Amino acid sequence: MPLLTQQLDNSRQLPHAALAGAGPLLGMPNMRMPTPKAPVHILLIDDDLALGQLLREYAVPEGFRISVAATGESGLEAVEQEAVALVVLDVMLPGMNGFEALAEIRRRSNVPVLMLTTRGSTADRVRGLRCGADDYLPKPFDPVELLERVRSILRRLQPRDGRLGFLRVDDVEMDARSRRVICGGREVDLTASEFSLLQLLLSNAGTVLPREELVPLVLDRERTFNDRGIDSLASNLRRKLGPSTNGGERIRSVRGIGYVYVLADGSIGR
């Protein structure tokens, strides 16, 4: 079946690029031109083709490559067949909706996903985060903000600090370099945001971390009134990691403050 994505050609045309490294040019020494950095591939799953063109206009000069899928089904095919760095996924899609597409993406891939939701729809945002989205952006939005959200998610995929390259707390092991998490001997698939939150909780195990500190570090934005982003991520982690080795909860909510990763002996610092 042919790939049902609309490819938007956003490669920059370099003068004489086809001659790079081909040999001496007009008597000049045989010098290879530096290889241009490959653009970051972003897949937009949205039936609004005008939005795809608008995003291209803003994103291409910033070093991104944009492809567009008009349906959830064609977007899934693109995720499987192409090297996609990040998916921008609209909730309102013909046929398979955004939540259904997200659930299917998560069954097949850990590619980060930024969801586009209806403005003011808190339920959609919370549902998206619970289903595995890394962030959300309400429509209509400023393309500049969307690109900053994309950069923020991609930054969270990078190891933060060599000292946090490997963590082990009780039966949980985390390798930031390979972005693998092993819990009780089994590998756990996490989104970029879930990985970032768990990394902070494990590196401060036994210590309560305030929501006000977690939101900018994990979601790269300031916490807003009634912001449930961290709560949704913590809920996902509880479900994916399961109970502690002692049968208790691993991640505890401290009312009015934030979250703490509870050590197997049940201890919590101050």
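Q: What makes H2 and H3 roughly parallel?
A: Helix H2 (residues 72-81) and helix H3 (residues 98-108) cross at roughly 20 degrees, and their axes come within 10 Å. H2 and H3 therefore count as roughly parallel to each other. H2 passes H3 in a right-handed crossing. Helices (H or I, at least four residues) and strands (E, at least two) are DSSP runs, numbered from the N terminus.

Q: How do you know that Lys-139 forms a salt bridge with Asp-46?
A: A salt bridge requires a side-chain nitrogen of Lys or Arg within 4 Å of a carboxyl oxygen of Asp or Glu. The closest N and O atoms of Lys-139 and Asp-46 are 2.9 Å apart. This pair links distant parts of the chain, 93 residues apart: Lys-139 is in strand S6 (residues 135-139), and Asp-46 is in the loop between strand S2 (40-45) and helix H1 (49-59). By the salt-bridge rule, the count comes to 16.

Q: Why is Asp-46 called buried, and why is Lys-139 called partly exposed?
A: Buried means under 20% relative accessible area, exposed over 50%, and partly exposed in between (1.4 Å probe, protein chains only). Asp-46 has 0% relative accessibility, so Asp-46 counts as buried. Lys-139 is at 24% and so counts as partly exposed.

Q: What ties Arg-151 and Glu-62 together?
A: Their side chains meet in a salt bridge (2.9 Å, N to O). Arg-151 lies in helix H5 and Glu-62 in the loop between H1 and strand S3 (64-69), so the pair joins parts that are 89 residues apart in sequence. Arg-151 is partly exposed because its relative accessible area is 22%. Glu-62, at 48%, also counts as partly exposed.

Q: Which residue forms a salt bridge with Lys-240?
A: Glu-194 does, with the closest N and O atoms 2.7 Å apart. Lys-240 is in helix H8 (residues 229-241) and Glu-194 in helix H6, 46 residues apart. Both Lys-240 and Glu-194 are buried.

Q: Why is Val-60 called buried?
A: Its relative accessible area is 14%, so Val-60 counts as buried. Val-60 lies in the loop between H1 and S3.

Q: Why does Val-144 count as partly exposed?
A: Val-144 has 44% relative accessibility, and so counts as partly exposed. Val-144 lies in helix H5 (residues 143-156).

Q: How are residues numbered, and which atoms and pLDDT values count?
A: Residues are numbered from 1 along each chain as its sequence is written, and side-chain values use heavy atoms, leaving out hydrogens and water. For this predicted model, local features need pLDDT of at least 70 and side-chain atom pairs count only at pLDDT 80 or more, while totals for chains, interfaces and linings use all residues.

Methods
Axes are lines fitted to C-alpha atoms, for helices over the stretch in contact, and angles run from 0 to 180 degrees between N-to-C directions. Angles under 35 degrees count as roughly parallel, over 145 as roughly antiparallel, 65 to 115 as roughly perpendicular and the rest as oblique. A crossing is left-handed if the near helix is turned anticlockwise from the far one by less than a right angle, and right-handed if clockwise.
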